[in-house]
Amino acid sequence: MWAHGARGQQAAGVRRIGVLSPFSPAAAALWNKALLRGLRDLGWVDGKNLVVEYRYAEGDGNRLPALVTELIEQKVDILLTTVTADTLAASNATTEIPIVMAAVGDPVATGVVSSLARPGGNITGLSQMTPDLSGKRLELLKEIVPKISAVATLFNPDDQLSVLDAREARLSAQRLGIEVHALEVRTVADLAKALGDAVTARVGGLVIMPAPVLFENVKRIADFAIQNRLPSTFHLREFPTAGGLVSYGVDRSDLFRRAATYVDKILKGASPATLPIEQPTKFELVINLKTAMALGLTIPANLLGIADEVIE
């Protein structure tokens with residue numbers, strides 16, 4: 001039996017989960033609701049036999065080490081993380097407490113685990129395969145705007161997953177004959193300059209890489225893209241909902257729901273070292289038709305036909 005799980009089971013039947021997030025409470029709300037629903041379906045109810053502690057970095061990755069320390073001091077039985085940055089912060093803080101990751105982009109390439117089949121150590125969970133999809137998002141943009149010849153990619157060079165995605169997008173751009181202007185955004189203070197540089201470079205579109213600092217500002221980026229007539233793409237549905245043109249990626253709420261299964265197994269004594277990391281089974285293509293019309297674009301009928309949601 002996993003040693004820390006055994007220690008937690010001695011605590012009067014109430015277990016404690018620490019949820020570490022690089023996002024804001026508002027940004028993570030739907031995902032956390034999906035997690036709680038998944039736990040409830042398995043018999044774990046917050047406020048009854050479960051206590052859930054939340055810590056949010058609000059898009060500032062520098063806060064993560066201190067936040068995970070706070071959760072460890074709460075003597076949590078499990079740490080649940082969202083993406084790469086907070087998972088790395090958690091793994092750097094403890095090798096004892098089990099860590100369940102809900103939506104890490106590429107846990108092997110970013111060094112979180114050595115294998116998907118047998119992760120080893122104290123970390124397991126789900127991957128959202130983000131780098132594999134980065135090139136696909138650029139292909140979608142090319143299909144919508146066939147004459148596009150240059151794009152700006154917004155990414156955080158301090159975020160390993162963001163860097164991997166930017167690299168994949170660059171390789172895809174080479175195949176498609178598209179010039180890439182890579183623009184760095186480490187903090188929200190960098191965003192205005194990056195967006196301004198995109199305009200100066202006269203690019204034909206924006207491709208936003210995964211990074212908490214960028215997700216926390218999707219409305220600002222979407223508004224900028226419309227104002228400057230730039231088709232734009234991201235990996236989460238919140239972007240077209242905020243006014244961006246198109247998103248293609250995993251259903252993150254589904255991943256959080258599935259993460260509850262890992263929590264349940266570990267609380268019942270399973271070792272994270274032997275729980276294989278699962279990959280996503282649900283992907284979403286979301287298109288904002290209203291934004292397309294504002295940009296003077298016609299979305300190909302085949303894309304509208306396969307879209308999971310069309311915002312009108």
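What is the order of the strands in the open sheet of 7 strands? They run E7-E6-E8-E9-E10-E11-E12, and the pairing is mixed. Before you click further: this is a predicted model, where local features need pLDDT of at least 70, side-chain atom pairs count only at pLDDT 80 or more, and totals for chains, interfaces and linings use all residues. Residues are numbered from 1 along each chain as its sequence is written, and side-chain values use heavy atoms, leaving out hydrogens and water.

Helices (H or I, at least four residues) and strands (E, at least two) are DSSP runs, numbered from the N terminus. Strands pair if DSSP finds at least two bridges between them.

Now select 179–184 and 309–311: these are strands E7 and E12, the edges of the sheet, each pairing on one side only.

Next, pick 206–208 and 232–234. Strands E8 and E9 pair here in the parallel sense over 2 bridges, with Leu-206 opposite Ser-232.

H5 lies across E6, E8, E9, E10 and E11, at about 155° to E10 (axes are lines fitted to C-alpha atoms, for helices over the stretch in contact; angles run from 0 to 180 degrees between N-to-C directions). Contact means heavy atoms within 4.5 Å.

Last stop: helix H3, residues 64–73. Its buried residues (under 20% relative accessible area, 1.4 Å probe, protein chains only) are Leu-64, Leu-67, Val-68 and Leu-71. Down the axis of H3, these fall within an arc of 95° (from the directions from the helix axis to the C-beta atoms), so they line one face. Their cover includes strands E1, E2 and E3 and helix H4.

How values were computed. Buried means under 20% relative accessible area, exposed over 50%, partly exposed in between (1.4 Å probe, protein chains only).
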